[in-house]
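This report goes through one protein model, from its overall make-up to single residues. The sequence and structure come first.

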Amino acid sequence: MSNINNNSCVVTFLYPKSEKFIKQFVNCLEEQTFKKFDILFFCDKFNFNKLKLKTNLKYKYYNLKGSISEIRQKSLKKIKKLKYKKIFFCDVDDLYKNNRIKVLNDLLNKNNIVFNDINCLTKQKKIIKENFFSNFFKNNEKINYKSLLNQNFLGFSNTALKINILKKSKFLNSKKKINIFDWYFWSKVLKKDRACFTNKTKTYYKCSLKSYTYLPAKISTNYLLNSVFVKYYFYRTMKNDDKIYNKMYINYSNLYGNKIKLNKLVIKTLINKKNK
């Protein structure tokens, strides 16, 4: 294990099936034009010692237990106690343009939270959609939580923040169960701050057809049903934060608990899509 000696860190999460991505991930970081960062690996049922990682980059690993959301929360609480000033989030199975850390690092000199564009790829790295988030945001546009009311654009693969954001986030100490952590976390911090969007770099985001987070969304019966369930749980978690969340929670509670009404909405949505 290397000594930690930089002011910034790249954070990623390792899980049993992630080993095949690690070499490519580390190579991607080694090719970054800005390298003054440490890597923090948070391990979920992953034996880091068997990895025998070879890199000149400084790194450290931590073993955590829990659900995906619980591990996310525990990792942020851990980072909060460390000396880093800037945190860059990366999913281990994605790829990154070689200027990503440099661009986000510079933007963090004037912003507390930043997020970058993405190219959507298949698992075979075939491009599905380029510059996907540029369809929604302009370069240097700043957003708050209202931009995330209906869907989440900020994940742990296209974001970075200053440590003061974590230090101010007392909700990380909450013991309540969070099912949709990424959406929850970024919505909470954007209640008091804003995030700056950049199209000057990008994440190459690998999409799985089996995942709800597949982008661009494939509208199907399963997708629409899952969307209702995800939003119901998200708005239920956020309902006490703002009256608009409570209103959305009531609307989705009615859908969630009424299968006939829900099925009619799904059929109507699919018909409208087909007729476009």
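## Burial and overall make-up

A residue is called buried when its relative accessible area is under 20%, exposed when it is over 50%, and partly exposed in between, with a 1.4 Å probe and protein chains only. By that rule, 50% of the 276 residues of the protein count as buried. The model is a predicted one, in which local features need pLDDT of at least 70 and side-chain atom pairs count only at pLDDT 80 or more, while totals for chains, interfaces and linings use all residues. Residues are numbered from 1 along each chain as its sequence is written, and side-chain values use heavy atoms, with hydrogens and water left out.

The protein has eight helices and 10 strands, where helices (H or I, at least four residues) and strands (E, at least two) are DSSP runs numbered from the N terminus. With contact taken as heavy atoms within 4.5 Å, residues 24 or more positions apart account for 75% of the contacts that have a separation of 6 or more. The protein exposes about 15,000 Å², of which carbon and sulfur atoms supply 49%; such areas come from the Shrake-Rupley method with a 1.4 Å probe, and for residues only the protein chains shown count as cover.

## Confidence

The predictor's confidence in each residue is given as pLDDT, on a scale from 0 to 100. Its mean over the protein is 88, and 86% of the residues reach 70 or more. Over residues 210-214, however, the pLDDT is below 50, although this stretch has nine contacts in the model beyond near neighbours in sequence.

Helix α3, which spans residues 100-107, is mostly covered, with six of its eight residues buried. These buried residues are Arg100, Ile101, Val103, Leu104, Asn105 and Leu107, and what covers them includes the strands β1, β4 (86-89), β5 (95-96), β6 (113-121), β9 (159-162) and β10 (195-206). Helix α5 is mostly covered as well, with nine of its nine residues buried: Phe181, Asp182, Trp183, Tyr184, Phe185, Trp186, Ser187, Lys188 and Val189.

Leu161 lies in strand β9, and it counts as buried because its relative accessibility is 0%.

Pockets and cavities are found on a 1 Å grid over the protein atoms alone: a cavity is a set of points where a 1.4 Å probe fits but cannot get out, whereas a pocket is an open set with protein on both sides within 12 Å along at least five of seven lines, and lining residues have an atom within 4 Å of a point. Grid points are joined across faces, edges and corners, and a volume is the space filled by probe spheres set on the points. On this basis, about 210 Å³ of space lies in the second largest pocket.

The lining of the second largest pocket consists of Ile165, Lys168, Ser169, Lys170, Phe171, Lys188, Val189, Lys191, Lys192, Asp193 and Asp241. The elements that give two or more residues to this lining are α4 (163-168) and α5 (181-189). By class, the lining residues divide into three nonpolar, one polar and seven charged, where Ala, Val, Leu, Ile, Met, Phe, Trp, Tyr, Cys and Pro count as nonpolar, Asp, Glu, Lys and Arg as charged, and the others, Gly among them, as polar.

## Residues outside the helices and strands

Asn5 is placed in the segment before β1 (8-14) and counts as partly exposed because its relative accessibility is 49%. Beyond its neighbours within four places in sequence, Asn5 is in contact with Asp38, Lys58 and Lys83. Asn5 and Phe37, 32 residues apart in sequence, are 8.2 Å apart in space from C-alpha to C-alpha.

Lys123, in the loop between β6 and β7 (127-129), is exposed, since its relative accessible area is 59%. Asn131 is partly exposed at 30% relative accessibility, and Asn140 is partly exposed at 43%.
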